[in-house]
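I opened this structure for a first look. These are my notes, in the order I took them.

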Amino acid sequence: MLFASNKNRLHAPSGGPRLQLPLLPLRDVVVFPHMVVPLFVGREKSIKALEHAMTVDKTIFLCTQKEAKVDEPQEQDIHDMGTIGSVLQLLRLPDGTVKALVEGRSRGRIEYFISTQDFFYVEVESMIEPEENNQETEALVRSLNSTFELYAKINKKIPSEVISTVASYRNPSHLCDAMITHLSLKLDDRQNLLSLVSPLARMQALYELMHGEIEVLQIEQRIKNRVKKQMEKQQKEYYLNEQMRAIQKEMGDSEDIKSEIHELEEKAKKKRLSKEAAEKVRHEIKKLKMMSPMSAEATVVRNYIDWILALPWYEKTRSNLDIDRAEAILNEDHFGLEKPKERILEYLAVQSLVRRNRGPILCLVGPPGVGKTSLARSVDRALGRNFVRLSLGGVRDEAEIRGHRRTYIGAMPGKIIQSLRKALCSNPVFCLDEVDKMSTDFRGDPSAALLEVLDPEQNCRFGDHYMDMDYDLSEIMFITTANTLHSIPAPLQDRMEIIRIPGYTEDEKLNIAKNFLVRKQIAANGLSVDRVDISDNAILTAIRRYTSEAGVRSLEREIASVCRKLAREVVRSSDSAAPPRLKVTGKNIGQYLGIPKYRFGMAEEADEVGLVTGLAWTETGGEILTTEVLVMPGKGNLILTGKLGEVMQESARAAFSYVRSISPRLGLDPSFYRKYDIHIHIPEGAIPKDGPSAGITLTTGLVSALTRRKVRRDVAMTGEITLRGRVLPIGGLKEKVMAAHRGELKTLIIPQENEKDLKDIPERILKTFTILPVKMVDEVLHASIVVEEGTGPLFKEPDPAPAEIPAGDLQDSKALEKELPGTIIVSPPPGSPDPGPAGMDAQDVKH
């Protein structure tokens, strides 16, 4: 049967004779001319092809499959180029397969398939190889012979007789085919060489392949030599160690090793260990006795035993449970911080009533410089326990927490176990600093490893990879610190009791500076309290004009700078009989600290149009955020500047949409947005700003700018809005109130749902404000927009309900969409009642 599709894809004949032969598809083997190959045949079609060849003239066409996995190949699965061969011997085996011995005679190419029913029967064109006897051919023959000798020398699997036999061939084609049979080439490379009819082209390709194989063999040889040298080195070291051991035995040095092992055994007997740890120590000591003391493994075992014996398994420090004393120490070290102090005193009270209580896991979250780490040290002093601190900032390897497995060279336990060895007790106060600064990479997630450490239900059986046994962490009082929560994974937050430490108020900073910082820096700089006087006004000026932070770290640096300059004055005046008393006031502090670094966050000096005072939360505390809105002729663009984040940009668009929806009530032309560009800007454009609490601030600014009415300068506000004008709750209220207090603002507008959060703010701060909890944006506008004499009320009286619109007026929705681009017109289904235009009056519908 003739296949036209195959006939179209065949190469043009090269003039050789054509033969009709049975085809034997081969898998994973390429047969070359003059090559004798035994083949094991099991496929039915292949066996029938061999039998047919034996009944005719024993001639068969041998061709390789493109994919060896194909059990029933079709014509497209077989290469066109193959070898015309003869069946020398055919032997049937007991399992039904056939063993055939075939010999390749010449190259051939399939012209087309005649039949594929019982077996493949094809018409083959015998390829006539051109004779190329020239100087280039002779040069290639010599190069191939020398390269093949080099290959055989490196490979060492090719007998010397083969080299002499191959070198005796004078026919270039015969030489190439003979060499190919002895090379370790890929199947595709063999098929490509078979397809090259020209001996010259075949020799060039073979020459390149042989050079590639020689390079691979040379690399393998270098690797083998390197491994051999390493093995010889290890054997040499073992032999020398055995000699050293024999010499030490003769000289009596082995007694030192025995005494060292005996010392470890005595320590293990005296040390109170867990059952698992005691069993491990006995097993490791027994192993150490049988090892050579000079071997590397003996050092690993010895270090492991030392770590087990050095850990505090049952050693504890007794806690001082005097609550009054603990409270006095906490108040002595820290001003304010009522919530953390209260939680620590609660723990002491429970400890005095319950004999065994699991240690709490506290997470102190607050801006830098508010005293989180120092509070942990004060807890240690109040309880009378040992204290250990571990900084997790920049930790990115899980092994830092869980330790390395002992299979690694230089393996060590994790930082948790190492810190407990330093603490010398199993119930210290453990401070995990900067828990929010951990990162993750290909070496694992350290925050995931901390889950077991900080889980009260699991840390009684903490497993370190190096120790390879359980250790009880349940009696440790863990105190973690962080600046923010968003970088701490939610599962880790769930394990900890989170206590927020907001920024200090101005009064708290003043008290901290008077009672702690000034005295500390006076003593640190060699001054005397009797000769130095830093007034309250000077401290307040430093707080307001030289620092901008939630904590007191920068304030302490400024006080230290003042003290250093005072020390310089003292040294200069030491020659005088009576050194003067040095006094720093609010007026002369600039002589010591220089030009003020910050503008004190005061309210605006006058009521202005489009200028609104908002409040923002930052990692360093609350900030006053002035918002400016400007309206100018244009084409309806809304311009947002000040490096606003996506959330604030969406708040601005929501505020603009809301103002458009109430424009008739404000007396504005509903199409105002087509005639004007509106620019919203929040100063300090280099600082990124984002967050869901600027909605009412942006709305107030838009209304003020569009109606040309002023905004009260002493009003600050915070809250998010919806498109229906509702005011949504926000976070960070305490920090924002502190910022408003520093700015000496008089009125504070907050969401009504945040009224409950005012309990966390000191009463003396709240007394300085008029707090206005609001539920709708209308209340915000009434409280913040100035209604001047003669301007009339902000909101116009609502117009009467619009008359029913005829059905014909609503049908031309396409024209309305064209007039208002971007507006989607939704028509009610037939027969449904018309609810009326929500939030619009008759003017809106008409427009």
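**Entry 1: helix α7**

I started at I223, which lies in helix α7. I kept in mind that this is a predicted model. Is I223 buried, partly exposed or exposed? I read a relative accessibility of 41% for I223, so I put it down as partly exposed. The cut-offs behind that are under 20% for buried and over 50% for exposed.

I219, I223, V227 and M231 make a nonpolar surface patch. I noted about 340 Å² for this patch.

Next I turned to charge. Which residues gather in the patch of positive charge on the surface? I listed K156, K157, K224 and K228. K228 lies in helix α7, and I wrote down residues 199-251 for that helix. K228 has 54% relative accessibility, so I marked it as exposed.

**Entry 2: the whole chain**

I stepped back to the totals. How many helices and strands does the chain have? I counted up 30 helices and 26 strands from the assignment. Of the 847 residues in the chain, 45% are buried. The accessible surface comes to about 45500 Å². Carbon and sulfur atoms hold 51% of that surface.

I also checked contacts along the sequence. I took those with a separation of 6 or more, and 75% of them join residues 24 or more positions apart.

**Entry 3: salt bridges**

How many salt bridges does the structure hold? I found 31. I picked out a few to follow.

I began with R107 and D177. Their closest N and O atoms are 3.0 Å apart in a salt bridge. R107 sits in strand β5 (residues 98-115) and D177 in helix α5 (residues 172-180). The two are 70 residues apart, so I noted a link between distant parts of the chain. I then traced the bridges onward and found a network that links R107, E129, D177 and R202.

R381 belongs to helix α13 (residues 372-383), and D333 to helix α11 (residues 323-333). They are 48 residues apart, and I logged this as another link between distant parts of the chain. R381 is partly exposed, at 37% relative accessibility. D333 is partly exposed as well, at 24%.

D436 is buried because its relative accessible area is 6%. K437 has 34%, so I wrote it down as partly exposed.

**Entry 4: the negative patch**

D322, D324, E327, E338, E342 and E346 form a negative patch. Two elements, α11 and α12 (338-353), each give two or more residues to the patch. Which element gives the largest share? I found it to be α12, with three residues.

I checked one member more closely. E327 lies in helix α11. Its relative accessibility is 36%, so E327 counts as partly exposed.

**Entry 5: helix α15 and positive phi**

I listed the buried residues of helix α15 (residues 415-423). They are I416, I417, Q418, S419, L420 and A423. What comes just after α15? I found L424 there, with a positive phi of about 65 degrees.

D468 is not a glycine, yet I read a positive phi of about 60 degrees. I placed D468 in the loop between β10 (462-463) and β11 (470-471). D468 has a relative accessible area of 45%, so I called it partly exposed.

K643 was my last stop. Its phi is near 55 degrees, again positive in a residue other than glycine. Where does K643 sit? I located K643 in the loop between β19 (638-641) and α22 (646-661).

How values were computed:
Residues are numbered from 1 along each chain as its sequence is written. This is a predicted model: local features need pLDDT of at least 70, side-chain atom pairs count only at pLDDT 80 or more; totals for chains, interfaces and linings use all residues. Side-chain values use heavy atoms; hydrogens and water are left out. Patches are made of residues with over 30% relative accessible area and no salt bridge: like charges are joined within 9 Å, nonpolar side chains (Val, Leu, Ile, Met, Phe, Trp, Tyr) within 5 Å. Accessible areas come from the Shrake-Rupley method with a 1.4 Å probe; for residues, only the protein chains shown count as cover. A salt bridge is a side-chain nitrogen of Lys or Arg within 4 Å of a carboxyl oxygen of Asp or Glu. Lys and Arg count as positive and Asp and Glu as negative; His and the chain ends are not counted. The place of a charge is taken as NZ of Lys, CZ of Arg, CG of Asp or CD of Glu. Helices (H or I, at least four residues) and strands (E, at least two) are DSSP runs, numbered from the N terminus. Buried means under 20% relative accessible area, exposed over 50%, partly exposed in between (1.4 Å probe, protein chains only). Contact means heavy atoms within 4.5 Å.
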